[in-house]
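Here are my notes on the model, point by point. Please read them with the structure open.

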Amino acid sequence: MPSLTDALDALLPQTQCGQCGFEGCRPYAQAMAEGRADTNRCPPGGPQTIAALSQLLGRPARPLDPSCGTHQPFRVALIDEEHCIGCTLCIQACPVDAILGANQCMHTIIEADCTGCELCVAPCPVDCITMVPAGRDWTPDDAHAARDRYQARNERLNARHAEAIGPAARTLANKPALATLISDHDKQDRIAQALARARARRS
Ligand code: SF4
Ligand code: SF4
Ligand code: SF4
């Protein structure tokens, strides 16, 4: 039987944006179920979601807490591919695997999978990601698919973390630290050079 957390989570938009002050939709649902959070903290859900959450919990529906943000029409991220330096920071920030790309290659957004969470915008070192109107509404089907992608990503990252602390990783960790240092410096040099090229192109 679904728990109260499950029922509350099912009403949330699943953009995983963190504007509610929690790491994602489910931690917020859990906090509401445990009486630690009010129902008015989800800007993407807006008044409709506040009403549904409040009804389920038998609480009064209060207006959206302005400290969390504002309710806006659904937008998606767009990468200006000409200026992308392929640093992969946006891929690492995206909670639902909606970005395609590889190190030092141009990146692109899978528009149909983008939740509009904006988490990729700030990390981009060359400011080539903007939010643009999606031209459609965010639907319950979108929310369902976003939750699946979020969970799949977390499972993959957890598995990778388990590998990273396994015996092979421990052996690698015992190798001379110099090799790691050199490759880190090399990486930083390459990012600095790419940034300089991007700035030169812009000016
Ligand atoms: S969609 Fe709402 S509940 Fe989910 S993380 Fe964003 S603000 Fe929190
Ligand atoms: S592409 Fe950007 S805005 Fe879209 S889901 Fe990923 S992090 Fe969020
Ligand atoms: S963060 Fe910006 S520059 Fe880096 S890969 Fe993403 S879009 Fe390209």
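1. Asp113 and Arg149 meet through their side chains in a salt bridge, at 3.4 Å from N to O. The two residues sit in distant parts of the chain, 36 residues apart. Asp113 belongs to the loop between E3 and E4, while Arg149 is in helix H5 (residues 140–164). Both partners are buried. Keep in mind that this is a predicted model.

2. A second pair joins Arg75 and Glu118. Their closest N and O atoms are 2.7 Å apart. This one also links distant parts of the chain: Arg75 lies in strand E1, and Glu118 lies in the loop between strand E3 (108–109) and strand E4 (129–133). Buried or exposed? Arg75 is partly exposed, at a relative accessible area of 25%. Glu118 is partly exposed as well, at 35% relative accessibility.

3. Asp65 pairs with Arg41 in a further salt bridge, with 3.3 Å between the closest N and O atoms. Asp65 is in the loop between helix H3 (46–57) and strand E1 (75–79), and Arg41 is in the loop between helix H2 (25–33) and H3, so the bridge ties together parts that are 24 residues apart in sequence. Arg41 has 23% relative accessibility and counts as partly exposed. The cut-off for buried is under 20%.

4. How many salt bridges does the structure hold? The count is 11. Some of the residues form a network: Asp6, Asp9, Arg26 and Arg147 are linked by salt bridges. As a general point, side chains of opposite charge can pair when their charged atoms come close.

5. Now the helix packing. The axes of helix H1 (residues 4–11) and H3 come within 9 Å of each other. They cross at roughly 160°. Angles over 145 degrees count as roughly antiparallel, and H1 and H3 are therefore roughly antiparallel to each other. The crossing of H1 past H3 is right-handed.

6. Last, ligand 3. Which residues come nearest to ligand 3? Of the 13 residues around it, these are Cys84, Cys87, Thr88, Cys90 and Cys124. By class, the shell around ligand 3 holds 10 nonpolar and 3 polar residues. Charged residues are absent from that shell. Note that Cys is counted as nonpolar in this classification.

Conventions:
Residues numbered from 1 in each chain as written. Chains lettered and ligands numbered in written order. Predicted model: local features only at pLDDT ≥ 70, side-chain atom pairs only at ≥ 80, totals over all residues. Heavy atoms only, no water. Salt bridge = Lys/Arg side-chain N within 4 Å of Asp/Glu carboxyl O. Helix = DSSP H or I, 4+ residues; strand = E, 2+ residues; numbered from the N terminus. Buried < 20%, exposed > 50% of the residue type's maximum accessible area, 1.4 Å probe, protein only. Near = heavy atom within 4 Å. Axes fitted to C-alpha atoms, helices over the stretch in contact; angles between N-to-C directions. Parallel < 35°, antiparallel > 145°, perpendicular 65-115°, else oblique. Left-handed = near helix turned anticlockwise from the far one by under 90°.
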